[in-house]
Amino acid sequence: MDVTEKLIQGQNLTREDYVQLIHQSTDPLAVRRLREAAVAIRRSYYGDKVYIRGLIEFSNYCKNNCYYCGIRRDNLNAHRYRLTKEEILDCCRQGYALGFRTFVLQGGEDPHFTDERMADIIRSIKEAHPDCALTLSIGEQSYDSYRQFREAGADRYLLRHETADSTHYRRLHPPEMSLEHRKQCLLQLKQLGFQTGAGFMVGSPGQQPEDLAKDLLFLKELNPHMVGIGPFIPHHNTPFAGEPAGSVELTVYLLSLIRILLPRVLLPATTALGTLDPEGREKGLAAGANVIMPNLSPIKNRKQYDLYDNKICTGEEAAECLGSLEQRVQRAGYRLVMERGDAILLS
Ligand code: 5AD
C-alpha cells in the first residue's frame with residue numbers, strides 16, 4: 001500500500017516509510033491528499049475552533065549556547081532583560097481582560113529565576129486567575145524543579161526536542177547538551193502530569209529527511225499533548241548566520257503529517273511560520289494546525305526576545321490586535337475561541 005494511505009489509515013509506519021513521506025512533500029497530489037485528511041481529522045475533534053494562548057516572554061537571559069538561537073549565551077550583542085514578578089502579573093491581567101485563558105511563560109534558562117521565584121510567580125498567577133491554564137517553557141530543569149513547578153500549579157510545559165537524531169542534535173548544540181537529557185526531561189514532565197509539548201525546527205542546518213523521519217517516529221512514541229514546529233530562521237549574531245532558512249511548504253506539510261499521526265494534538269501555527277510568510281499562519285491552519293499564540297509581552301521588551309531575524313511581534317500576531325487576528329482566522333474559515341482548551345490524550 002502507498003505510504004500516504006498507510007498513514008491516513010492509522011497503520012504504523014517504518015522509518016523508511018516516513019522518509020518516503022518526507023520526499024513526497026514536493027508532490028502536489030500527495031500534499032493535497034494529506035492536507036485534506038488532516039483538516040478532516042481536526043474538524044472531527046475540534047470543529048472549526050482555533051485556540052489562542054497568550055505568550056509572555058519574561059526573560060531573554062540564557063545559560064545555554066545553542067548554535068541557532070539569537071539569545072544564546074555568547075551573543076554579547078543581545079540586549080538582555082527580565083520582567084519582574086509584577087510585570088509578569090500585569091501581562092496576565094491585561095491578557096485576562098482581553099479574554100485569554102491560557103498564559104505561556106517562556107524564557108531562556110535564566111538562573112535568576114530560581115525554583116522558589118518560579119513557584120512564587122506560578123502560585124500568584126494561579127491565585128489571580130484560577131480559571132486559566134498556565135504553561136511553562138523554560139527549558140531543561142531537574143526533576144525536582146519540575147515537581148515544584150507542578151505543585152505550585154503549572155498545568156502544561158513546552159520543551160521542543162529540536163531534533164530526534166543524536167548526531168544532528170550535536171550539530172545544533174554545544175557538547176554539554178544532549179538529546180538523551182532532553183528526552184528524559186520530556187518523559188519526566190509527562191510523569192509529573194504536565195500536559196506536555198515537544199517539537200522541532202524544520203530546515204535547521206544539516207537536517208536530512210532521515211532526521212525528520214526520526215522526529216515523527218519520536219513524536220508517535222512520546223504521544224505529547226502539544227507539538228510546536230516552525231521553520232529554522234537564521235539569526236545574524238549566531239554561528240548559523242549564513243545558513244538558509246527552512247521552507248514554509250515543508251513546515252506546512254509536516255503540520256498535516258503530525259495532525260494525522262496525533263489526531264487530537266494541539267498544534268500551533270507558529271510565529272516563525274508567520275515570520276517567513278505573511279500568510280504562514282493561515283497556511284498552517286489550512287494544513288491542520290489549531291492554535292495561535294499571540295504575543296502578550298510588554299511592548300518595550302518584544303524586540304529583545306530575538307530568537308531569529310525579523311521575528312514578528314507588533315503586527316496582527318500581537319495580543320492587543322485580537323480583533324484583526326479574529327478577522328483573519330474567520331476569513332480563513334475558522335473560529336477563534338477563548339476557552340482554555342485542555343488537551344486530551346488518545347492512548
Ligand atoms: N529559528 C527558528 N526557531 C528557533 N528557535 C530558536 N532559535 C530559532 C531559530 N533561529 C525555536 C526553538 C526553541 C523555540 C523557543 O524557538 O525551537 O525551542
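A salt bridge is a side-chain nitrogen of Lys or Arg within 4 Å of a carboxyl oxygen of Asp or Glu. The structure holds 26 such salt bridges. This is a predicted model, in which local features need pLDDT of at least 70 and side-chain atom pairs count only at pLDDT 80 or more, while totals for chains, interfaces and linings use all residues. Residues are numbered from 1 along each chain as its sequence is written, and side-chain values use heavy atoms, without hydrogens and water.

In one of the salt bridges, the side chains of Lys311 and Glu57 meet at 3.0 Å, N to O.

Around the ligand stand Tyr68, Cys69, Gln106, Arg160, Glu162, Met201, Pro231, Phe232, Ile233, Leu307 and Tyr308, each with a heavy atom within 4 Å of the ligand. A side-chain N or O atom of Arg160 lies 2.9 Å from a ligand oxygen. For Glu162, a polar side-chain atom is 2.5 Å from an oxygen atom of the ligand.

Definitions and conventions
Polar contact = N/O pair within 3.5 Å; in protein donor to acceptor, adjacent residues only side chain to side chain.
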